[in-house]
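Open the model in your viewer and keep the selection panel at hand.

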Amino acid sequence: MSWAFLRDLLSGVNKYSTGIGRIWVAVVFVFRLLVYVAAAENIWKYEHDEFECNIKQPGCENVCFDHFFPISHIRLWALQLIMVSTPSLLVVFHVAYRENREKHHNQKLYRNPGEIDGGLLCTYLISLILKTGLEIVFLVLFYKLYNGFKIPRLVKCDIKPCPNTVDCYISKPTEKMIFLYFLVATSCLCIVLNLSELSYLIFKHSIKSYLKRYMKKQQ
Amino acid sequence: MDWGTLQAVLGGVNKHSTSIGKIWLTVLFIFRIMILVVAAERVWGDEQDDFVCNTLQPGCRNVCYDHFFPISHIRLWALQLIFVSTPALLVAMHVAYRRHEKKRRFRNGEKIDIEELKNEKMHIRGPLWWTYTSSIFFRIVFEAIFMYVFYYMYDGYQMPRLVKCDAWPCPNTVDCFVSRPTEKTTFTIFMLAVSGICMMLNLAELCYLVIKICTNGSRKTT
């Protein structure tokens with residue numbers, strides 16, 4: 001069980017997406033998943049070992065690290081990737097349900113089970129809204145947990161068992177900040193893509209239904 | 001999920017590339033991605049652990065390391081490879097779009113062989129020529145940008161053995177020693193040379209495509 005599962009899932013989703021949806025899948029693959037696995041994971045690999053406090057008091061380093069990093073950036077990043085890819089499963093399930101219905105009734109019920117219309121359109125729109133919502137939730141979470149998207153070189157810690165205030169140094173703060181900004185930029189790009197896909201679909205289908213009604217009136 | 005997926009996607013683009021494009025792709029896979037994964041990552045693997053400063057002051061080593069290596073070579077190379085491979089995705093998308101259009105025409109009644117469609121080699125003409133050429137242009141631009149970033153960030157392409165650090169909390173100036181500087185310099189120069197070769201291949205391909213379209217154009221008018 002690894003990221004290959006997510007990769008296969010996204011490839012399956014690609015089949016039933018619009019053009020913008022396929023660009024979204026490409027962005028998630030190349031600029032988020034691949035960057036995470038190939039580069040970002042290694043930066044945070046030894047973050048606890050390399051976190052150093054100016055004190056010999058046993059337990060102080062552990063407690064300070066836990067206080068300043070309740071959940072590590074890299075784990076939040078991984079959760080974000082998983083959560084944001086999951087709503088696309090709704091579309092896959094709906095198409096599978098349609099195909100099952102056709103098989104069960106043994107007749108062609110839909111012109112094309114994968115075509116985005118009717119119920120599948122609603123499912124697709126819901127999945128887009130969920131994706132956008134989850135992206136925003138994670139960005140807000142990052143912002144709130146870490147006081148903006150900054151990673152300081154030095155944090156001052158005064159939790160028991162540290163005597164008084166102790167200087168603690170974070171490892172590779174600049175590199176971590178660069179990749180954090182990269183994460184925020186790609187999240188925002190994905191939000192923009194989702195919103196444009198949403199507006200495109202709503203616009204396209206309202207024009208379609210308007211034209212249908214207009215033709216009916218003519219007849 | 002690793003470089004394998006990127007390899008699969010780029011391998012698909014390979015079918016529709018020119019010969020120079022195919023050579024570029026081979027160089028990218030063998031001399032850059034494979035070297036990065038198999039060799040370079042091991043060399044830089046222990047970089048912070050073995051970065052040693054001549055002081056017992058806690059925190060000094062962390063701060064000095066962060067000051068001299070804002071972003072590690074290995075991460076910059078990974079980003080460079082990702083950015084340089086991405087324009088090829090544009091070509092893959094354009095080809096997929098063309099295939100989709102042909103399939104739609106087939107469904108609307110025109111006679112097209114489905115099997116032949118899957119294995120068809122798209123000729124680089126018309127809008128595809130523009131997509132392909134812009135992808136090569138962007139590749140060249142990204143390569144140049146990253147080569148400059150390397151030069152700017154690390155004052156040239158050589159890894160020093162010793163750096164002198166006086167960032168707080170280090171008391172006065174402290175000597176810090178980089179681990180495996182010669183091996184790192186060797187790999188940096190190697191990757192730089194291969195980047196240069198890739199850039200030249202891209203320039204040659206760009207010239208070839210421009211000349212091809214000009215001669216095709218002049219043949220049509222005469």
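Select residues 42–75 of chain A: the end C-alpha atoms lie 12 Å apart, and the span is 53% helix and 6% strand. Helices here are DSSP runs of H or I of at least four residues, strands are runs of E of at least two, and both are numbered from the N terminus. UniProt, in an unreviewed entry, places the feature "domain: Connexin N-terminal" on these residues. Its positions are given in the numbering used here, feature names are shortened, and annotations may be inferred rather than shown by experiment.

Before moving on, some ground rules. This is a predicted model, in which local features need pLDDT of at least 70 and side-chain atom pairs count only at pLDDT 80 or more, while totals for chains, interfaces and linings use all residues. Residues are numbered from 1 along each chain as its sequence is written, chains are lettered from A and ligands numbered from 1 in the order in which they are written, and side-chain values use heavy atoms, leaving out hydrogens and water.

Stay in chain A for the sheet. Three strands form an open sheet in the order β1-β3-β2, with antiparallel pairing. Strands count as paired if DSSP finds at least two bridges between them. Colour β1 (52–53) and β2 (154–157) of chain A: these are the edge strands, each pairing on one side only.

Next, show chains A and B together. Contact (heavy atoms within 4.5 Å) links 29 residues of chain B with 33 residues of chain A. The buried area is about 2900 Å², with carbon and sulfur atoms giving 65%. That area is the accessible area (1.4 Å probe) lost by the two parts on being put together, summed over both.

Which side chain does A:Arg153 meet in a salt bridge? Zoom in on B:Asp66, at 3.2 Å, N to O. The rule, a side-chain nitrogen of Lys or Arg within 4 Å of a carboxyl oxygen of Asp or Glu, finds two salt bridges across this interface. Now select α1 (3–14), α3 (60–68) and α4 (73–107) of chain B; each supplies at least two residues of the side touching chain A. The largest share, eight residues, comes from α4(B).

Last stop: select residues 142–209 of chain B, annotated by UniProt as "domain: Connexin cysteine-rich" (unreviewed entry). The end C-alpha atoms of this span lie 20 Å apart, and the span is 60% helix and 12% strand.
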